[in-house]
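Reader: I would like to go through this model and ask, for each label, what stands behind it. Please set the values against the definitions.

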Amino acid sequence: MPTSYDIAIIGAGAVGTAIARELSRYQLRVVLLEAKADVGMGTTKANTAIWHTGFDAQPGTLEARLLRRSYPLLEAYVAQAGIPTERLGGLLVAWTEEQFRTLPSLLQRAHANGVTDVRILSAEEVYRLEPRLNHGAWGGLYVPGESLICPFTLPIAYATEALLNGVTLKLRFPVQAVHQGPEGHLLIGPQGQTVRARYLVNAAGLYSDEIDRMLGHHDFTVTPRRGELIVFDKFARSLINHIILPVPTPITKGVLISPTVYGNVLLGPTAEDLDDKTNTATSEQGLQSLLEKGQAILPALLQEEVTATYAGLRAATEHKDYQIRLHAAQRYVCVGGIRSTGVSASLGIAAYVAELLAEAGLPLRPKAHFKTFRMPNIGEAGPRPYRQDDLIAQNPDYGRIVCHCEKVTLGEILDAIHSPIPARTLDALRRRTRATQGRCQGFNCQAQVVDILAQETGQDPRFLLALEDDDPPVPRTLTHPAADEAKEDQP
Amino acid sequence: MTTQETDVLVVGAGPAGLSSAIALKRLGVDRVTVVDREPEPGGMPRLCHHTGFGLWDFHRLYSGPAYARRYVHQALTLGVEIRTETTIIGWEDGHTLAYTSPQGLGVLRARAILLATGVRERPRSARLVPGFRPRGIFTTGSLQRFVDQRHLPVGRRAVIVGAEGVSLSAFFTLHKAGVEVAAFLTEHPHHQMGFPYAPVKWLWVDLLRRTPIRTGVRISHIWGPKRVEGVEIVHQGSGRREFIPCDTVVFTGEWIPEHEVARQGGLVMDPGTRGPQVDGALRTSLPGVFAAGNLLRGAETAATSAQEGRLAAQRMAAFLEGQPWPAHRLPIQVEAPLLWVFPNSLAPEDLTTTQPLTFRTAQFVAKATVEVRQGKRLLHAQTYRRLVPNETLRLQGHWRPQVDPQGEELTLRVSG
C-alpha cells in the first residue's frame, strides 16, 4: 500500500523546497519528491548566485509581483537561517550612448516594480564606485538592493526546516507517471514505489512541462537555456565592489561580473537555447566569448587564474512570464517557467502557491510550533570556523584544515556528512562546505575528502568516484525523528 | 590566541624550508620554527613514491618519502621546531604571521621570515578545458595522493595531458594503480622528456608499454556526465577532431606557485614566475622576508629547492647579523615566448658576481639567440641549438658587472 499524503511536491530545487517549508507550517502531511540524490541539484546550483530585486522585470507580470513579494521575506529568512549573503548593490553600466539613453526607462521600470531606491549615475560616479572598470562607460544605474546569495545553502536550509517540521523527503525518486483517481494522485516512482497524495504541486524545473503533460496539460514547453560561467580566483575579489550588470536585452540579463559570497569573482552567463536537458557542459565558444566580454568590462580580471568553469540550464519557456497555474478541479498547481529568478522569488512563489492550494480547498491550519534551523556559514562575510578560537577550543577539528584553498576544516566536513540532510556524494559535500572548490580543485585534498566521505558513510569509494553505478538507484526516504506531528513513513 | 617569538620563521616544511632550517641551526641561529599546513612535514617528496631523490644532497638514492623523512629527522635532531597542521591566515605586520591550528589561533613573530610554500599544478578548470565536470579528473599531485597515500581506486584507462618529466611520474603512478595509459597529449610539436628522463621514457613508454605520445594536439572537450567517458582532441595544424575513449584524465605540469601568503603580505610579484620577485640573495621586496624553493618558480627538483633553502639560510643569517637590506634593485622582465627568468631582479651586490641565471621558454624555438638588454643597450647574447619548454636553461652571467645599477629595467628576449 502506498503511503498517503495530503500533498506531494515534485522537485526539490529552490522553489520546491521553499514550498515544502511553507506548507510545513500547517497541519498537513507533505512529501517532497526529488529525482536527484540531493536537493538543489538543477538550475538552483548553477546560476549567477545573485539575489535579484526584480527592478528590471516586466511590470505587471507574475514574475515581477512575486520577486517583489519575495524580497522582504528573503531578507528576514537569510538573517534567521544564516544564509550567506552580501548586500553589495548592483551597478548597471551603459557602454554605448544608445544604452545610456535607455537608463531613464529602466529607472521608470524599477519604480513601476516598486524598487524605488535606484538612481542614474554619471560616468564619473561610475568610475568613483568602480575605478578598475575599462574606460568608455557612459554612465550607469545604481541598484542598491541587488545582492549576493549562496544558492547552495538556501535550498538545503529550506528542506532542512521542512524536514524538522514533519515533511518527508524522498531523494532519487523520479516521478515516472501520475494516475488520477477519486483518492487523489497516485505517483509512480522507480522500482514500483508509489506515493499517494490528495494535492499535487509541480516544481520540477526543467522537467515541469513533462510533469504537466502527465496531468493532461499542454500549456508550455521548457527549452533549456544554457548559461556558462567562469569563476575567477579570490585574488580578483578586490577588483570590484559591486555586481557589475549589463543593460538587459529581451533574451537575457546579459553577461555580468559579480563577486560571490565565497570571495571569488564570477563572469557570465552566456545564453544559448538547447534541446538537451542534461547538457551542462561548457563549450569552447562559450568560454571564449566570456573571456572577450570580461576583457572589455574589467581587463584586470583576466590577469588572475580561473578557479572553475561551469554551465547551468535555466527553465525558459515560450512565454515571457512564470507559468504558475491552479487546476482546482485536479487539485494541482503547476509552478513552471521560473527561468532565472527562482532563488530570488522562492519565498514569494511559496506563499502564492499556498494561497492557490487554499483556494482549491486545502485547509491551512497552522501548527502550534514551527522549528527553525540555522545553517553553518560557508560565506566569507560571516565568521568561518577556522578563525574562531572558542569553537576550536571546544572541538580541535574546527582548526584542522582539510581543504586549504577554501579553508574548510574537518569539523565542517563531518558536520555536513551528519547533518539532517546528509551529504552522501562528493558534489553534495562540495555544496555544503566548499571543500575541493578552490583554486587547486582538489590537487591537495580530493583524496582525503573521498576517504573521509567513504569512511563516514560506509560507501565504497568506487561509487563515490562513479567508477561503478550503484544501479538500480534506490530511492532514499528522509524524515526527522524529532519532527512534530510527523507520521512514520515506511516505503 | 597565543603569541610566540622566534628568530626565523619558515613557512612550508618541504625540501626548501627544512634544508634552510637545518642550515640556520648549523649557522648558529638559536630559534628556528617551521610551520606546515599538512599533518605531516616533508612537502611534495612525500607524494613521490619513486626513487631518484637525494643524490645531490645525501649522495645516495632515496624514494621521495624516505628523502622527506631524512630531512625531517635532521631538522628535529638539530632542534628545529616543526609545527604541522598550522596554516598561515594573514600578516599582522611585516614580521608577524597569524595562524590557525587544532590548538587554536596564534601569532608568530620572527626577526626573519622564509616563505617556502611550494607549487601546485594548474587544474583542468584553470586551463579552460571545456566539457562536463565528471569524476575521474586528476592532477599528478591528486593522483599520487589517491594511489600512494590513500590507496583509493583510480580508473581503467587514462589520458595524460602533458609530455614532460612530471607526466612520466603520472604514468608510473597510473601503472602502479593498474590503469592503462591511452596516450600522452601535448600541444607542443615534440615531447619534453629529455635529460635525465629520456632512457626511462624509451624503456617504459616506447618499448614496454608502447604508449603513444600525441604531439600538436589540444584537449577540446571532456565527455561524460557522471564519470569521464572520453576526451575530444583537436589537431592544431589541420583542426581535425578525434575522440579518445577513457575514464580518467590526468593534467600534469603547468606549475603555479602557492603564493597566497606572499600576496597577502603585499610582496611584489613577478609576472613571469607568478612567485615573489627576489634578488640573487632570495630577498623579496619586504625587508626581512626571504623566499626559496618552487614558490619562486615552478618547478625544479627537490635538490634544487633544498640547495636554495641553504642559500637562503646563509643570507638570513647575514641579515640577522645586521647586513642591510638593499634599497633598490633592478627587475628583469621576459618577453614571450620566454616564460620566466631566475633570479628575476638584481640587487647591487648581484652585479659584482658573474653567476649564471636560469630561464624557461613557453614554446619550442630552434636556433635561438637569447639576449639581455638594459633599455636599448645589449649586454649579452647567447645562442642555443633549441629552447625546449619545461626544461630549465642556463644563461651565462659574465655581463652582470656591466649593468648600470641606476639604469633602466633589464629585459630577456629571443632576438630576431
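Reader: How do you know how far apart domain 1 and domain 2 of chain B lie?
Author: Their C-alpha centres are 31 Å apart. The bounds come from an automatic or database domain assignment, which gives domain 1 of chain B as 2-120 + 255-325, domain 2 as 123-251 and domain 3 as 331-414. This is a predicted model, in which local features need pLDDT of at least 70, side-chain atom pairs count only at pLDDT 80 or more, and totals for chains, interfaces and linings use all residues. Residues are numbered from 1 along each chain as its sequence is written, and chains are lettered from A and ligands numbered from 1 in the order in which they are written.

Reader: What makes up the contact between domain 1 and domain 2 of chain B?
Author: Two residues are in contact if their C-beta atoms, placed from the backbone, lie within 7 Å. By that rule five residues of domain 1 of chain B and seven of domain 2 of chain B take part. On the domain 1 side, two are nonpolar, two polar and one charged. Here Ala, Val, Leu, Ile, Met, Phe, Trp, Tyr, Cys and Pro count as nonpolar, Asp, Glu, Lys and Arg as charged, and the others, Gly among them, as polar.

Reader: What does the domain assignment give for chain A, and what makes up the contact between its domains 1 and 2?
Author: Chain A is assigned domain 1 (1-84 + 150-221 + 317-379), domain 2 (85-149 + 223-314) and domain 3 (385-464). The C-alpha centres of domains 1 and 2 of chain A lie 28 Å apart. The contact takes 31 residues from domain 1 of chain A and 36 from domain 2 of chain A. On the domain 1 side, β3 (50-51) and α2 (62-81) of chain A each supply at least two residues, and α2(A) has the largest share, with four. That side divides into 18 nonpolar, 10 polar and three charged residues.

Reader: Why are β10 and β13 of chain B called edge strands?
Author: Helices (H or I, at least four residues) and strands (E, at least two) are DSSP runs, numbered from the N terminus, and two strands pair if DSSP finds at least two bridges between them. Five strands of chain B form an open sheet with parallel pairing, in the order β10-β17-β11-β12-β13. β10 (137-139) and β13 (213-215) of chain B each have a single partner strand, so one side of each is left without a neighbour in the sheet. From one strand to the next the twist averages 25 degrees.

Reader: How do you know that β11 and β12 of chain B pair?
Author: Five bridges join β11(B) (residues 157-161) to β12(B) (residues 180-186), and the two run parallel. The definition asks for at least two bridges, so the pair qualifies. B:V161 stands opposite B:L185 in β12(B).

Reader: What does helix α5 of chain B touch in the sheet, and at what angle to β11(B)?
Author: α5(B) (residues 165-176) touches β11, β12 and β17 of chain B, and its direction makes about 170 degrees with that of β11(B). Axes are lines fitted to C-alpha atoms, for helices over the stretch in contact, and angles run from 0 to 180 degrees between N-to-C directions. Helix α4(B) (residues 140-149) lies across β10 and β17 (248-251) of chain B, at about 100 degrees to β10(B).

Reader: Why is α5(B) called largely enclosed?
Author: A residue is buried if 20 or more other C-beta atoms lie within 10 Å of its own, exposed if 12 or fewer, and partly exposed in between, with C-beta atoms placed from the backbone. Nine of the 12 residues of α5(B) are buried, so the helix is largely enclosed by the rest of the structure. Among them are B:V166, B:L168 and B:F171. The buried residues pack against α4, β11, β12, α6 (198-208) and β17 of chain B. Just after α5(B), B:G178 has a positive phi of about 75 degrees.

Reader: How do you know that the length of α5(B) agrees with expectation?
Author: The expected span of a helix is 1.5 Å times one less than its number of residues. For the 12 residues of α5(B) this should be 16 Å, and the end C-alpha atoms are 17 Å apart, which agrees.

Reader: Which elements cover the buried residues of α12 of chain A?
Author: The cover includes β21 (401-403), α10 (410-417), α11 (426-433) and α13 (461-464) of chain A together with α4 of chain B. The buried residues of α12(A) include A:V449, A:V450 and A:L453.
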